[in-house]
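Please read these notes with the sequence and the structure side by side. They are meant for someone who has not looked at this structure before.

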Amino acid sequence: MDIEALLTNRMASEITDDELASLDRQPEGFSQLYERYAVRIFRYLSSRLSDRTEAEDLTAQVFLDAYQRLAEYKPRNQFASWLFTIASRRAADYYRRTRQNEKFDEDVNFTNYSDPLSKVMTSETIDELSDMIQKQSLDEREMLRLRFAAELSFAEIGRVTGRTPAAVKMALRRCLNRMKLSWEEKNE
Amino acid sequence: MNKRQLGLEEALQAYYQSIQPGETFLKSLGKKISVQQFPVHGQHTSRRLVWGWVGPVMLVLIAGVLIIGPQTVWAAVLNLTRFVPGFGIVTTENIYILKEPVTYAETDHSLTVTQMTLDPYKTSLIVVSDGFTEYSQNFFYDLTLKVGNSGESYYLSPTDVWITHRTNGSIKATYIFPKIKALDADITIFWTFKHSPEEEAFQKIEIPVELISVEKGNLAQDLPSGYTPKVNLTTKNGVRIDIVNQVTTDDTTVVQVEFIIPRQGSRSSISIGNVALRDNLGHEYPERFTTVFNISRTLPGDDIDLNSSAVKEDRIPYILEFDRVDPSAMTLSLTFDSLELILFPFEHIQVDLGTNPKVGDSITLNQVIQLGWVDIPVTSANIVEVTSKLDDKIPGLVLQTGPLPAEIEMELLSSYWAYFSNQLYYDMSYKSFVEGWPEKVIPTGEVDIIIDRVHLTIQGPWKIEWDAPTP
């Protein structure tokens, strides 16, 4: 099977991740997966690390890992979870390697390198939002990143984090409700 | 748009999604993936061909042996490759090796970089250490490569590590790292460790290394034709050992061995304990270096079908280098006392921590992890107190295994909880890697533990004998 065969009578977007993964390292198949996930992986890693260059390096390593481990991937419609689990591991390895404790490492304040953000929020609001995120627990921050930077579903976040989808939903809801109180207070 | 009237979720979405990777970076990485810089071997790449140049070389060898006989094939393979003392057989294209061994020495401990190779797909490193405390040896897994100068350096973590304790007390560590991006960059072995838990600060060792092209100087030798013995197989504890080839140069005897193990769910690596080469005249030849290739996979028997997925065995090739054997020896034997395997089983274990988990809890599991042909019973998950890297007491979790066969020892090198804030610690009291929670909050309910990497030691000995080639 190759990508040409998969594309017979179908658009590229209709091919599932599992079908592309089953092409087993054929460059065309893996390139498609890369195109689907590169930006989201980068966003996720950037939001977890304080260094953009490191985030780029880790993004490359995540795709190299995924490429090398593709044979281990069991096609169960869980490619995104599998890939983000690798990314999460890579980020954890980064902290181990650099002997930093993630607990003391601030999430990135995107205002440092984000022009689009300034078009929808004032710098004051961005700072407030950043502060609110920092006040959440490590686990909650991770769920926020997986939800809003990686754009994963509750079920996918559950697979990356070892929780049931319902537990993810509940934990995120609690976190967002708490943040919402503070957000509305500041926006009144 | 009114900048102040976004809902929280909209604001979070805008916040997190505002960061974008650079176009240049995206395109450059995409190009590497789509064209050539990942280890891809053409349109019909099978999963058995992913190990860089090792796959093609070994498959040429194996397929060729069946068709045209071993000696001819060995010679043909050597035309494509060269032998690097201390490392084994490498392809000659774009390979860089260590110019000379480099040693860092203090009065009571030393670290020597004995060999390093860099190819388009990976970087390999062999380090021999002496005199380090048992505690500090745990940090061998943390050794990194620092690439570039101080202003623009980056660090590479190993993707594979084999630690072998030698009979003389030294420790050999073999590392596989990702490829190094810039060949002209400064490369430094960077290692931080503590001699004991009581030490407050980490010690740091930095060893700069110099690499040269494999074709420069006399470092890479052409080998004469090899010899494949007729009786060449031994089996014990599920592991078969095959002597594939023996080559003798003016001062070296090189033996190519294959370890054949039942197929694993994923790739595996092998490391050998002590090895001895003896002849019928009573000589024992000192081992100089060993070389590990990554795994290659073949089908059982003679049925070579590259497109079949019916792979039943993993064949892991090794090159062993000894002092030259006595040409008058009639028979040779190799003895291995133990084998160490690093397996990547990706087995899941569900643990229900309950509603109020606390240190001291023991959750009965009675599950079995299948590591190829070895069944590992996991009897319980225990919540324990471990010491974090900040020397803080935090809760962690260890898996308790049931009785194992006498010849099997197991160490869990890495599992992950699929839970974000946990971190991995080596805990001396449990002699195990432990997942701990730095925030000191133990998760509740069911968690999914993924057994990521397991270190399996299988005791031998394996002894294999063969007729020496006639001079």
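The numbered points below go from the basis of the values to chain A, the cores and then parts of chain B.

1. Basis. This is a predicted model: local features need pLDDT of at least 70 and side-chain atom pairs count only at pLDDT 80 or more, while totals for chains, interfaces and linings use all residues. Residues are numbered from 1 along each chain as its sequence is written, chains are lettered from A and ligands numbered from 1 in the order in which they are written, and side-chain values use heavy atoms, with hydrogens and water left out.

2. Chain A overall. Chain A has ten helices and zero strands; helices (H or I, at least four residues) and strands (E, at least two) are DSSP runs, numbered from the N terminus. Of its 188 residues, 57% are buried, where buried means under 20% relative accessible area, exposed over 50%, and partly exposed in between (1.4 Å probe, protein chains only). Among contacts in chain A between residues at least 6 apart in sequence, 61% join residues at least 24 apart; contact means heavy atoms within 4.5 Å. The accessible surface of chain A is about 8000 Å², and carbon and sulfur atoms account for 49% of that surface. Accessible areas come from the Shrake-Rupley method with a 1.4 Å probe, and for residues only the protein chains shown count as cover.

3. The largest core. Which residues touch the most other members of the largest nonpolar core? They are Phe63(A) and Leu12(B), in a core of 64 residues. Helix α5 (residues 79–98) of chain A gives the largest share of this core, ten residues. A nonpolar core is a set of buried Ala, Val, Leu, Ile, Met, Phe, Trp, Tyr and Cys residues joined through side-chain atoms within 4.5 Å. Another core, of 47 residues, lies apart from the largest one and includes Val257(B), Leu371(B), Val374(B) and Ile408(B). In soluble globular proteins, nonpolar side chains tend to be buried together.

4. Leu12(B) and Leu172(A). With neighbours within four places in sequence left aside, Leu12(B) is in contact with Leu129(A), Ile133(A), Leu144(A), Phe148(A), Leu176(A) and Met179(A). Leu172(A) belongs to helix α10 (residues 165–187) of chain A and counts as buried because its relative accessibility is 4%. Not counting residues up to four places away in sequence, Leu172(A) touches Met143(A), Leu144(A), Arg147(A), Phe154(A) and Ile157(A). Asp139(A) is 33 residues from Leu172(A) along the chain, and their C-alpha atoms are separated by 9.9 Å.

5. Helix α9 of chain A. In this helix (residues 154–161), the buried residues are Glu156(A), Ile157(A), Gly158(A), Val160(A) and Thr161(A). Gly162(A) follows α9(A) and has a positive phi, near 75 degrees.

6. A four-stranded sheet in chain B. The strands of this open sheet come in the order β8-β7-β11-β12 (chain B), with antiparallel pairing. Strands β8 (154–156) and β12 (203–209) of chain B each have a single partner strand, so one side of each is left without a neighbour in the sheet. Strand β11 (residues 187–193) of chain B is joined to β12(B) by seven bridges; two strands pair if DSSP finds at least two bridges between them. Ile187(B) has Val209(B) in β12(B) as its bridge partner.

7. Strand β18 (residues 275–279) of chain B is largely enclosed by the rest of the structure, because four of its five residues are buried. It pairs with strand β19 (residues 284–285) of chain B in the antiparallel sense over two bridges, and Leu277(B) has Tyr285(B) as its bridge partner in β19(B). Four residues lie between the strands of this hairpin, where Gly282(B) takes a positive phi near 95 degrees.

8. Buried or partly exposed: which applies to Glu409(B)? At 43% relative accessibility, Glu409(B) counts as partly exposed; the residue lies in strand β28 (residues 408–416) of chain B. Leaving aside neighbours within four places in sequence, Glu409(B) is in contact with His455(B), Leu456(B), Thr457(B) and Gln459(B). Val244(B), in strand β15 (residues 239–248) of chain B, counts as buried at 15% relative accessibility.
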